[in-house]
Amino acid sequence: TAIRHGRLAVVHSLSDSLLFFSLDGIPQGGVRLPVEHSNVPKGPLPAIESPAKRREWADQWTLVAGVFWLDDEHLLVQWVRGRRSQAVHWLAQVDTSGRIAWTEARTPRLLTVRGEQYFFQDLLSGVPNRVLVAVRKQG
């Protein structure tokens, strides 16, 4: 979930749709996310008691890991595919009508966006809580 100027962008991690709501919960439309190689479950989710079995079941699907507003019309969406140790993160910029501007595979996990800066998790540094910071180029 991401909030910008009184508008919520909401996505369930096992869905391929991005929904918009007002802060009062009034639906304001939605779009299907152009997630490459999307694989989401259809129908009701199974009731799996075991955390290990639930994790194994979830690892087979495309999971939306985050949504971040860039401005009033554009968002970043990150999704992940694969088992935990071999998981691959993807990042895409989409507009509120669902059109994709760009997509990038094998990105680090995006933690947040602040203005022109993207903050990514740095798993390779060996230092706890270290982040990578990228600056968005204009033009």
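**A friendly note on this predicted structure**

1. Contact here means heavy atoms within 4.5 Å. The model is predicted, so to speak of local features asks for pLDDT of at least 70 and side-chain atom pairs count only at pLDDT 80 or more, while totals for chains, interfaces and linings use all residues. Residues are numbered from 1 along each chain as its sequence is written, and side-chain values use heavy atoms, with hydrogens and water left out.

2. Next, the overall fold. Helices (H or I, at least four residues) and strands (E, at least two) are DSSP runs, numbered from the N terminus.

3. Buried residues make up 35% of the 139 residues; buried means under 20% relative accessible area, exposed over 50%, and partly exposed in between (1.4 Å probe, protein chains only). The protein chain exposes about 8700 Å², and carbon and sulfur atoms supply 53% of that area. Accessible areas come from the Shrake-Rupley method with a 1.4 Å probe, and for residues only the protein chains shown count as cover.

4. Have a look at Thr96, in the loop between strand E7 (88-95) and strand E8 (100-107). Is Thr96 buried or exposed? Thr96 counts as buried, because its relative accessibility is 16%. Its side chain makes a polar contact of 2.8 Å with that of Glu73. A polar contact is a pair of N or O atoms within 3.5 Å; within protein, one must be able to donate a hydrogen and the other to accept it, and residues adjacent in sequence count only if both atoms are side-chain atoms. Leaving out residues up to four places away in sequence, Thr96 touches Arg7, Phe20, Val31, Trp69, Asp72, Glu73 and Leu75.

5. Asp95 sits in strand E7 and is buried, because its relative accessible area is 13%. The side chains of Asp95 and Ser97 are joined by a polar contact of 2.7 Å. Beyond its neighbours within four places in sequence, Asp95 is in contact with Glu73 and His74. His74 comes up again with Ile100: these two are 26 residues apart in sequence and 9.5 Å apart in space, C-alpha to C-alpha.

6. Gln28 belongs to strand E4 (residues 27-32) and is partly exposed, with a relative accessible area of 39%. Setting aside residues up to four places away in sequence, Gln28 touches Arg7, Phe20, Phe21 and Ser22.

7. Finally, two backbone angles to check. Most residues other than glycine have a negative phi. Phi of His5, however, is near 45°, a positive value, and His5 lies in the loop between strand E1 (2-4) and strand E2 (7-10). Arg106, in strand E8, has a positive phi near 60°. His5 is exposed at 64% relative accessible area, and Arg106 counts as exposed at 67% relative accessibility.
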